[in-house]
Amino acid sequence: MKKLRTLAATLLAATALGSFVPSANAQEKVQVTFWHAMNGPHQEMLTKLVEEFNASQEGIEVVEQNQGDYSTLQQSIMASGVSGDLPTIAQLTASNTPDFMDQGLLLPLNDLLTPENGYTDELKEGVYETFLKGATFDDQIYALPFSKSVRLMFVNKTMLDEVNAEVPKTWDEVLALGEKLDEAGIEKPAMGFENELTMEYETMARQNGATWIADDLSQVDMSSEKAIEPLQFIKDLLANEHARTAGEDGFMSGPFAAGESALYIGSSAGLQYVLPGVEESGIELETAHIPVFGDGEELTLFAGNDLGVFSSASEEQQKAAVQFMSFLLENTDRWAIATGYLPVTKQGAESEEWTQYLEENPLVKAASEELEFGKAQAAYVGASEVYSEFKTALENIIINDADAATEMANIETLVKGFLGL
């Protein structure tokens with residue numbers, strides 16, 4: 001009995017001191033799992049920001065988990081949606097967000113975007129509206145912007161100087177550059193494209209006056225003469241070897257950096273992948289706005305991804321996730337400087353750090369300027385399926401010589417079906 005009384009006294013004392021026996025009231029950190037597809041320098045900066053956020057928090061811990069590339073990430077999300085083992089937040093592409101919303105996987109964020117969760121009034125006013133448009137359905141916001149880019153033209157100034165050519169501002173000037181290279185005996189194409197031409201084609205069609213898909217989803221114009229004309233132009237440019245795609249190289253940044261084309265259109269976030277090769281090749285590099293097709297005005301499409309919170313998250317995880325996303329928005333200029341993406345808030349784009357960075361890095365200036373005339377692609381349920389079919393249609397047209405008007409009419413019909421038109 002004496003031993004039992006001694007043990008009981010010891011346990012009571014330990015509990016009173018908060019040691020030996022864990023307190024039943026001890027608060028565990030809210031864990032936020034974050035799935036992403038960032039690699040290389042992009043992942044290094046993301047990890048740094050995650051670590052900074054975690055160090056600033058007493059009750060939240062973000063655990064980042066790289067899922068590989070974007071395709072694998074989306075497959076992982078779909079598989080986890082079936083199994084019920086979703087992360088708290090993940091990167092989302094524009095075509096997947098409406099589908100995940102429609103399936104009930106994503107959480108509407110409006111009620112969570114409060115100062116108490118780090119989403120201040122300043123942030124609310126500062127996030128570029130066009131970035132939110134593609135993630136807003138029935139006035140409910142389902143994702144916040146994170147890594148956004150524009151299409152940028154990389155210029156081999158060394159090659160242009162060889163034929164005394166100016167940087168093209170229109171697609172007619174790109175064609176003329178190709179002819180100049182031919183005349184000079186330089187057997188290199190004027191333009192380099194990525195293997196996937198969907199974004200370049202849509203941009204040119206919209207520049208040419210085709211509605212494509214109206215912002216309010218009330219009209220679709222993907223098979224009219226204005227829509228088909230630039231597609232035929234691309235096809236002819238490739239057939240006459242005034243342009244090439246990346247082909248087996250995977251990404252055109254490599255061949256371009258090795259001097260295999262005079263120009264290259266790619267993501268502004270690809271600058272860091274172009275620079276090492278260009279320096280090794282001794283090429284003088286410039287960047288410029290993408291060319292304009294026909295008599296249209298400048299236009300570029302925003303690319304990149306957003307961050308969404310899954311509806312399976314607990315209430316505590318939901319609030320913690322918004323705090324983390326707000327932290328990323330507050331540091332959008334730092335993220336952009338380190339990765340080649342663009343600031344997604346007005347405060348970031350106007351910050352002293354970003355302004356100074358542009359002065360010291362003129363190759364980024366063109367991409368930053370394109371923020372002024374960038375447009376989001378239409379977001380709607382079924383967009384991911386259309387995207388897949390659209391890629392196949394372009395391959396049939398360019399590689400298999402299928403009729404462009406017929407193929408694009410089929411895509412237009414598919415889109416109208418999803419939109420109920």
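## An exposed loop residue

At 57% relative accessibility, Asp 401 counts as exposed, a class that covers residues over 50% relative accessible area, while buried means under 20% and partly exposed lies in between, with a 1.4 Å probe and protein chains only. Asp 401 sits in the loop between H18 and H19, and its phi is near 60°, a positive value in a residue other than glycine. Most residues other than glycine have a negative phi.

Asn 164 also has a positive phi, of about 55°, although it is not a glycine. Asn 164 is placed in the loop between helix H7 (157–162) and H8, and with 65% relative accessibility it counts as exposed.

## The model and its overall form

This is a predicted model, in which local features need pLDDT of at least 70 and side-chain atom pairs count only at pLDDT 80 or more, whereas totals for chains, interfaces and linings use all residues. Residues are numbered from 1 along each chain as its sequence is written, and side-chain values use heavy atoms, with hydrogens and water left out.

The protein chain has 19 helices and 16 strands; these are DSSP runs numbered from the N terminus, with helices (H or I) of at least four residues and strands (E) of at least two. Along the principal axes, the C-alpha atoms of the protein chain fill a box of roughly 105 × 50 × 40 Å, and buried residues make up 51% of its 421 residues.

## Salt bridges

Side chains of opposite charge can pair when their charged atoms come close. A search of the whole structure finds 9 salt bridges, each defined as a side-chain nitrogen of Lys or Arg within 4 Å of a carboxyl oxygen of Asp or Glu. One of them joins the side chains of Asp 401 and Lys 235, at 2.4 Å from N to O. This pair links distant parts of the chain, 166 residues apart, with Asp 401 in the loop between helix H18 (383–398) and helix H19 (404–419) and Lys 235 in helix H10 (residues 225–239). Lys 235 counts as buried, at 16% relative accessibility, whereas Asp 401 is exposed.

Another salt bridge lies between Lys 416 and Glu 412, whose closest N and O atoms are 3.1 Å apart. Because they are 4 residues apart in helix H19, Lys 416 and Glu 412 are separated by about one helical turn. Lys 416 is partly exposed, with a relative accessible area of 29%, while Glu 412 is buried, with 10%. The side chains of Asp 249 and Arg 244 also meet in a salt bridge, at 3.1 Å from N to O, and Arg 244 is partly exposed, with a relative accessible area of 22%.

## An enclosed strand

Strand S6 (residues 144–149) has 6 of its 6 residues buried, so it is largely enclosed by the rest of the structure. S6 and strand S15 (residues 303–309) run antiparallel and are joined by 5 bridges, where pairing requires that DSSP finds at least two bridges between two strands. Within this pairing, Lys 148 stands opposite Gly 304 in S15.

## Another exposed loop position

Glu 28 is found in the loop between helix H1 (2–17) and strand S1 (30–36), and it is exposed, with a relative accessible area of 70%. Glu 28 and Ile 60 are 32 residues apart in sequence, and their C-alpha atoms are 8.7 Å apart in space.
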